Every structure is written in structure tokens, then in C-alpha cells.
Amino acid sequence: MNVGRPVPRAGSALQDTYAPELLYATFNQDYGCFAIGTQTGFRIFNSDPYKEKMRREFKDGGIGIVAMLYRSNYLAFVGGGRNPRFPPNKVMLWDDASSKIIAELEFRSDVLNVQLQRDRIVVILRNKCIICSLEAKPRHLHAFETADNDRGAMAISGTSDSGILAFPGRQKGHIQIVDLHSCINIAAIQDNSALGSPQLGPGVQRTRSRSRGSFSTDSAAAIAPVSSSSLQQQQQQQQPSGASVHPTNINIIAAHATAISALAVSSDGTMVASASEKGTLIRIFDTMSGRLLHELRRGVDRADIHSIAFSPDNTKLCVSSDKGTVHIFNLDGKHPNNQQPSSSSLSATAAAGNRQSNLKFMKDLLPKYFSSEWSFAHFRVANEVRCICGFGTERNSVIVLCADGTAQKYSFDSYRGNCVREWYRKFI
């Protein structure tokens with residue numbers, strides 16, 4: 001999430017609550033860690049229990065985008081802030097074990113979002129989604145045109161053996177679903193590739209020093225040779241640089257009438273959740289068939305949706321917006337805890353445990369609003385600032401990262417929907 005200070009609005013009294021040094025915040029693939037980009041560097045934290053794991057300060061600029069590769073020593077950076085550390089049209093691959101840049105990718109326009117998987121890099125530009133191999137000399141694998149995507153909306157399934165990518169389609173409100181594994185020649189990218197196997201786990205170990213490789217979208221060939229005999233042997237086994245790799249599984253889903261603002265893919269890649277720039281409805285689709293599975297209502301007023309996240313078991317969904325609220329929905333088709341609500345429930349409860357109007361029985365006569373499913377639990381963060389959210393390691397818990405530089409943990413009652421703040425930490 002880009003958490004830079006928003007443009008002041010007339011009558012707004014919340015501008016001073018934003019952390020001026022904070023530029024970006026993001027979770028890793030399983031929400032167990034989070035990273036922030038600042039005006040002077042970056043920091044990595046454990047989500048729960050909360051603990052700062054490391055920080056790096058640069059003397060010559062800020063980091064506007066950070067992407068983590070699980071808990072490994074590899075990260076991707078894009079410069080940002082008052083004095084960017086790197087150009088905004090370049091993605092820099094950083095090996096924290098050697099504290100150096102090991103590869104770079106240059107594009108013709110500013111980078112709006114980056115995500116990493118074990119063998120690929122996905123980069124979002126304003127009208128393009130580009131897939132490259134994750135190695136010391138990155139290779140261009142495929143590029144997809146998109147509608148205007150100023151928010152950098154994009155999501156990848158979290159598990160390493162699932163490679164489902166979602167990003168906006170060419171038409172406004174459409175989603176493209178791509179199987180990343182079909183875009184990659186697995187034989188050409190072995191586990192012992194030039195980049196080396198990522199060092200997973202909480203510790204960061206040192207790897208061999210390497211010269212930097214680079215890639216530019218202006219040419220299909222990578223430049224700047226890498227002086228490693230093992231790398232040369234590995235590259236001889238790859239396809240020629242001119243060889244094209246075409247994805248075989250691409251689904252197009254007509255999700256909304258207005259532009260896509262936020263996306264999330266379940267960890268197993270079976271579901272995709274989307275919100276439009278209107279921000280009132282969240283729709284969930286089957287990634288294979290494109291079938292609509294759920295339509296969830298966040299509210300009635302327009303809102304900017306900043307994040308959507310599935311729970312690890314895909315039974316819940318949390319959504320955060322610029323209203324400073326986080327909504328939690330049930331997706332499992334049963335009432336929470338598999339219990340049936342009593343007749344004295346506060347309101348009518350849907351089969352999935354989400355609230356619905358008491359007039360649902362007249363849905364064929366009334367506007368669609370009266371058949372909507374509403375969140376069964378929600379809470380408002382302190383200072384009502386922009387935030388992103390993800391489910392914690394403990395059952396029925398949500399971790400929230402806020403633009404005021406705070407991390408907060410909330411627990412919720414899966415039956416009654418009550419929410420309690422467990423802790424509040426200032427990370428910058």
C-alpha cells in the first residue's frame with residue numbers, strides 16, 4: 001500500500017496523524033511478516049508476535065515500494081519519496097545476505113506494483129502487467145495489456161506451488177486470471193538458478209557475491225554479463241533470448257462496471273476477490289470457471305478499498321478502506337462455529353454468517369441492496385487513517401498496518417462478531 005501523505009481535503013483534521021517518513025507498507029505472502037519503505041530505507045517486522053527483525057538505512061534516498069519473497073533474504077525495491085534511492089521506472093533485486101543489488105529491471109514508465117514468487121517477478125505499469133524470471137539475469141517471459149491501472153492492482157496466490165495471478169483486463173472492470181506456471185519454462189529455471197535458492201526461515205545467511213544483471217523492456221536480451229561460472233552453465237541450458245513463452249491458461253472475468261481498485265487471490269489459487277473504484281461491493285469468483293461465488297457489501301457510500309485478504313483456510317475475508325474501517329466476512333457457507341443463530345439474533349443472518357436485511361424475503365420486489373450480505377464483524381482503527389489488513393497466525397485475529405505508522409492486532413468473536421484490540425505498536 002502506498003501510504004504517502006494524501007492530498008489534504010477541505011475541513012480534514014487528520015493530516016497530522018500520517019507518519020511523514022513512511023512511504024509504503026506490505027505483508028509477505030503468508031502475512032507472517034511485513035515490510036515498510038521509508039524516506040531513508042526499509043525495515044522488516046514479524047507480524048505476530050510483533051518484533052522488528054531488521055532495518056537498513058540508506059544515505060542517498062528512500063524506498064517507495066518493497067516486495068518480500070516469503071521470509072527469504074531477497075527483496076524487490078522501487079525508489080520513492082523526497083529523494084528516491086532508485087529511479088521510479090526500475091525494479092531492483094536486493095540480496096540482504098550480501099547487502100547489495102544483484103539484478104535490476106528497467107521499464108519505459110513508472111512501476112506501480114511489484115510482487116515476487118520463487119521463480120518469477122510480476123511488475124505492474126499503468127497499462128501493462130509484465131512477468132519476468134527471478135534470477136540474476138532476469139528474462140522477459142510475457143507482457144499483458146491492461147486498462148488504466150493507476151492503483152497498481154494485482155494479486156498472486158500465496159503458496160509456492162500455486163501460481164495464479166490476477167490483474168485488471170483490457171476492459172474497465174474486467175479481471176485477467178493467468179496461471180504463472182504456464183508462462184515459465186520450468187526446465188530453464190532450476191532450483192539452483194543463477195539467483196540461488198532463497199534462504200527461507202527467520203535467519204538471513206550470507207551468499208556468494210555476484211555482479212549485477214539487468215533487463216530492459218526496450219530489448220528482449222538482457223545486458224551486463226554476470227561473472228559466475230555456474231551462472232554461465234545454467235544459462236547455456238536456457239532457451240535463446242528470442243524464444244517466446246506463451247501462457248496457456250488465461251481467463252477473463254467481467255467483475256465490475258467501473259475500474260478495478262483492489263484484488264486478492266486465495267492461497268490455493270481457487271478464488272479471486274475484487275473491488276471496484278466505487279468500493280461498495282466485494283465480489284468473489286472461481287478462478288477456473290469465472291463463476292460468481294459471493295457478493296459482499298462493504299457499505300453504501302463510496303470508499304477507496306486499500307486491501308482485501310483471504311484467511312489461510314479460505315473461510316473468511318477481511319477488507320480495509322479509507323474510512324478507517326476493517327470488515328470481516330464469512331465465506332464457508334455456514335454460520336460461524338457451525339452453530340445455528342437463535343431467534344433473538346440482532347438481525348437476520350445469512351447461511352455464511354454474514355448479516356442481511358430482514359426484508360430479504362422480498363428480494364424479488366425490492367432493489368438489490370436488500371439482498372446484500374454485510375460483514376458479520378467490523379472495527380474502526382485508531383485515528384481513522386488508511387490501512388491494510390491480513391489475518392494473523394492466531395485463530396480469529398487480524399493484523400492491521402496503518403498510515404500513521406502503527407501496527408494493530410484485533411481479535412473477533414466468530415459467532416457474535418465482537419472485535420477487541422489486542423495490542424497497538426508504533427513501528428516508525
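This is a short chat about a predicted model of one protein chain.

Visitor: Start me off. How many helices and strands does the chain have?
Guide: One helix and 31 strands. Keep in mind that the model is predicted.

Visitor: What share of the residues counts as buried?
Guide: 56% of the 428 residues in the chain.

Visitor: And what share of the contacts comes from residues 24 or more positions apart?
Guide: 48%, taken over the contacts in the chain with a separation of 6 or more.

Visitor: On to aromatics. How many aromatic pairs are there?
Guide: The structure holds 16. One of them is Phe 42 with Phe 77. Their centres are 4.8 Å apart, with 50 degrees between the planes. That pair is tilted.

Visitor: Why does the pair of Phe 42 and Phe 77 tie together parts apart in sequence?
Guide: Phe 42 sits in strand β3, residues 41-46, and Phe 77 sits in strand β6, residues 74-80, so the pair ties together parts 35 residues apart in sequence.

Visitor: Are Phe 42 and Phe 77 buried or exposed?
Guide: Phe 42 is buried, and Phe 77 is too.

Visitor: Which Trp forms an aromatic pair with Phe 77?
Guide: Trp 94. This pair is tilted, at 5.8 Å centre to centre and 45 degrees between the planes. It links distant parts of the chain: Phe 77 is in β6, and Trp 94 is in strand β7, residues 90-95. They are 17 residues apart. Both Phe 77 and Trp 94 are buried.

Visitor: Which residues form one aromatic cluster?
Guide: Phe 27, Tyr 31, Phe 34, Phe 45, Tyr 50, Trp 423 and Phe 427.

Visitor: What sits over the ring of Phe 58?
Guide: The charged end of Arg 85, 4.6 Å from the ring centre. Tyr 70 has an arginine over its face as well: Arg 118, at 4.5 Å from the ring centre.

Visitor: New topic. Where is Ser 320?
Guide: In strand β23, residues 316-321. Ser 320 has 1% relative accessibility, so it counts as buried.

Visitor: What joins the side chains of Ser 320 and Ser 307?
Guide: A polar contact of 2.7 Å.

Visitor: What else is Ser 320 in contact with, leaving aside neighbours within four places in sequence?
Guide: Several residues, including Asp 304, His 306, Thr 325, Cys 387 and Cys 389.

Visitor: What is the order of the open sheet with β23 in it?
Guide: β22-β23-β24-β27, four strands with antiparallel pairing.

Visitor: Why is one side of β22 and of β27 left without a neighbour in the sheet?
Guide: β22 (305-310) and β27 (377-380) stand at the edges, and each has a single partner strand, so one side of each has no neighbour in the sheet. On average, neighbouring strands here are turned by 15 degrees against each other, direction ignored.

Visitor: How many bridges join β22 to β23?
Guide: Five, and the two strands run antiparallel. Ala 309 stands opposite Cys 318 in β23.

Visitor: Now Ile 175. Which strand is it in?
Guide: Strand β15, residues 174-179. Ile 175 counts as buried because its relative accessibility is 0%.

Visitor: How far apart are Ile 175 and Ile 252 in sequence and in space?
Guide: 77 residues in sequence, and 5.7 Å in space from C-alpha to C-alpha. Ile 252 is in contact with Ile 175. Beyond neighbours within four places in sequence, Ile 175 also contacts other residues, among them Phe 167, Pro 168, Ala 255, Leu 263 and Ser 274.

Visitor: What order do the strands of the open sheet with β15 take?
Guide: β13-β14-β15-β17, with antiparallel pairing.

Visitor: How many bridges join β13 to β14?
Guide: Two, with the strands antiparallel. Strand β14 covers residues 164-168. Ala 155 has Ala 166 in β14 as its bridge partner.

Visitor: Last one. What do β30 and β31 form?
Guide: A hairpin, with six residues between the strands. Gly 417 in the turn has a positive phi of about 85 degrees. Seven bridges join β30 (residues 406-412) to β31 (residues 419-426), and the two run antiparallel.

Technical notes:
Residues are numbered from 1 along each chain as its sequence is written. This is a predicted model: local features need pLDDT of at least 70, side-chain atom pairs count only at pLDDT 80 or more; totals for chains, interfaces and linings use all residues. Side-chain values use heavy atoms; hydrogens and water are left out. Rings of Phe, Tyr and Trp (its six-membered ring) pair if their centres lie within 6.5 Å; planes under 30 degrees apart count as stacked, over 60 as edge-to-face and the rest as tilted. Buried means under 20% relative accessible area, exposed over 50%, partly exposed in between (1.4 Å probe, protein chains only). A charge sits over a ring if NZ of Lys or CZ of Arg is within 6 Å of the ring centre and within 35 degrees of the ring normal. A polar contact is a pair of N or O atoms within 3.5 Å; within protein, one must be able to donate a hydrogen and the other to accept it, and residues adjacent in sequence count only if both atoms are side-chain atoms. Contact means heavy atoms within 4.5 Å. Two strands pair if DSSP finds at least two bridges between them. Axes are lines fitted to C-alpha atoms, for helices over the stretch in contact, and angles run from 0 to 180 degrees between N-to-C directions.
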